[in-house]
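Welcome, and thank you for taking a look at this protein. Let us walk through it together, one topic at a time.

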Amino acid sequence: MKEKIAALILRSARKAHESGVLPSSEFPPVEAEAPKIPAHGDFSTNMAMVMAGGQKMAPRKIAEAIVAHISDAEGILLKTEIAGPGFINFFIRPEAWHPVLDAIHSADGRYGAVNIGDGRKIQVEFVSANPTGPLHVGHGRGAAVGDSVANILAFCGYDVEREYYINDSGRQIQTLGRSVYLRYRALAGEAVDFPGDYYQGEYIIDLARRVLADQGDSLKDGDEAAAVDHCARFAADAILTGIRRDLEEFGVRFDRWYSEQSLYDSGRVDRTVENFRNSGLIYEKDGALWFNSTRYGDEKDRVVVRANGLTTYFASDIAYHQDKYERGMTRVIDVWGADHHGYIPRMAAAIQASGMKRDQFDVILVQLVNLLRDGLPVAMSSRAGQFETLKDVVEEVGADAARFIFLTRHYESKLDFDLALAKKKSNDNPVYYVQYVHARISSIFAKDAASDALGADRNAGAGAVAVLTEAEEISLLKLLVRYPEVVASSCRLMEPHRITYYLMELAAAFHAYYNRHRVLTDDPEVTAGRLRLVRAVQKIIRNGLTLLGVSAPDKM
């Protein structure tokens, strides 16, 4: 409908020019938006004010010219009004909203899909937590965001690959090995001094118990470096297995798990550094090798090989991202924690130095989660090994509630997650509020066989929609029309919370309608029309929840 109004405005402006009322044939892009105040109509445009300079006319005169030349062949307009200095407000006939029901029932699960991607390959890399401990709630939010963004991109025509980058090389893995090894020695009866900067927590002791059960005392008296390496590999593998399991329970699956260590084993990191050096992009200073990232807008150049000969994480990150594009990705999206904000310029510089364009690389920064219970903070300390894991949260509130609540705010804003609220079966719980609409509508169709059969037929009630004239029915129809626009903006901006907001708004509109009007009435035609309406609402609720990775239950 929005596109129809925009096209009508442009046609009217051109006719006004052709008739000699508007002197210039140059017209700006048409903006038609839904006003915040319903009394201002269904759509409003400020085009007359934008055109004033080019037309050398007062905005209100331009608005009058546009309105005078409107040709509404489809008969969708009830009336138009000129307001203030030159706003044009459009009021849509109630029956003009009815065709959206045909579109929804015809497209079904594909309603709202817009072919933005056109089959282009795109990768979303997310979570990618170090295999040094269980996933915490912050990782859970990143998982919900990354997976939903991938769902939305795929729905809008992209060929999407989901990837988890395993940081299984470097200092943190060695620290993990030493942490487990020391706990192993303590369990074997030795008095050990456990450093404060080693990995804490009961899970480290559990891993050490497993090593002791598997190896006995053999590691205690052997080569310490080999023992630490064994503990590191054992612990990282065990933790990664747990991470995979926890993500699957959360409804997240990856197409590929990519090992950082494989970049070193294949020689890719060394080749990348050498290629950059041969291209003049890496130079030597103070015994170290530096990437000239300032050439591409970074605030300073970055070390890729230290003076001691060890490569930095940045070196492997460059090699890894080059590999992504060599696999055919036209665009790469990385989902990182907000604390990695300062890493973006150097990574963007490396992308451009590798021959890609800056707009082929995006980073989504996900803010922290404040975990609450009945409004009070849940004490957490990852340093002391006391933190609420994603597994704990999912076991307590369920994957659906966790995913939906993680997506109730823009990912760049901090999120308060109340565990008690997430378990409530009331309208205060946002996921319950939305899912209940789907279940409620299923119960309507289950009340009798005739209604159920009517609901299964996508063409049922098509001739009865003329009865949908109540204000709450028109409000629902207007919201249903908006859904494709919401999906498209969520895709272009990579913002899944827009769908969450929309679903809560649609749920509120349905509850308002259901509380005032019976769906199953004594009038067969009214019943048929309303069944067709609520089935359409149910389909949009289902479609939207699916994009968020949340189920749409028939019973609650």
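Helices here are DSSP runs of H or I with at least four residues, numbered from the N terminus. Please keep in mind that this is a predicted model.

**A leucine to start with**

Helix H20 spans residues 497–516, and Leu506 is part of it. Is Leu506 buried or exposed? Leu506 has a relative accessible area of 0%, and the limit for buried is under 20%, so Leu506 counts as buried. Setting aside residues up to four places away in sequence, Leu506 touches Leu476, Leu479, Leu480, Val537, Ile540 and Ile541. Tyr483 sits 23 residues from Leu506 along the chain, and the C-alpha atoms of the two are 9.7 Å apart.

In soluble globular proteins, nonpolar side chains tend to be buried together. In this model the largest nonpolar core has 141 residues, and the members that touch the most others are Leu247, Phe250, Phe417 and Leu480. Helix H9 (residues 224–249) contributes the most to this core, giving eleven residues. Leu247 has contacts beyond its neighbours within four places in sequence, among them Val127, Leu135, Tyr164, Phe254, Trp257 and Leu390.

**Aromatic rings**

How many aromatic pairs are there? The count comes to 21. In one of them, Phe254 and Trp257 have ring centres 5.2 Å apart and planes at 70 degrees, so the pair is edge-to-face. Ring pairs also link Phe276, Phe291, Phe314, Trp336, Tyr343 and Phe361 into a cluster.

| Residue | Relative accessible area | Class |
|---|---|---|
| Leu506 | 0% | buried |
| Phe254 | 11% | buried |
| Trp257 | 21% | partly exposed |

**The whole protein**

Stepping back, the protein has 21 helices and 14 strands. Its C-alpha atoms fill a box of roughly 90 × 60 × 40 Å along the principal axes. Of the 556 residues in the protein, 51% are buried. Among contacts between residues at least 6 apart in sequence, 72% join residues at least 24 apart.

As for charge, the protein has 66 positive and 75 negative charges, and their mean positions are 4 Å apart.

Note on methods: Residues numbered from 1 in each chain as written. Predicted model: local features only at pLDDT ≥ 70, side-chain atom pairs only at ≥ 80, totals over all residues. Heavy atoms only, no water. Helix = DSSP H or I, 4+ residues; strand = E, 2+ residues; numbered from the N terminus. Buried < 20%, exposed > 50% of the residue type's maximum accessible area, 1.4 Å probe, protein only. Contact = heavy atoms within 4.5 Å. Core = buried A, V, L, I, M, F, W, Y, C linked by side-chain atoms within 4.5 Å. Lys, Arg positive; Asp, Glu negative; His and termini not counted. Charge placed at Lys NZ, Arg CZ, Asp CG, Glu CD. Phe/Tyr/Trp six-rings, centres within 6.5 Å; stacked < 30°, edge-to-face > 60°.
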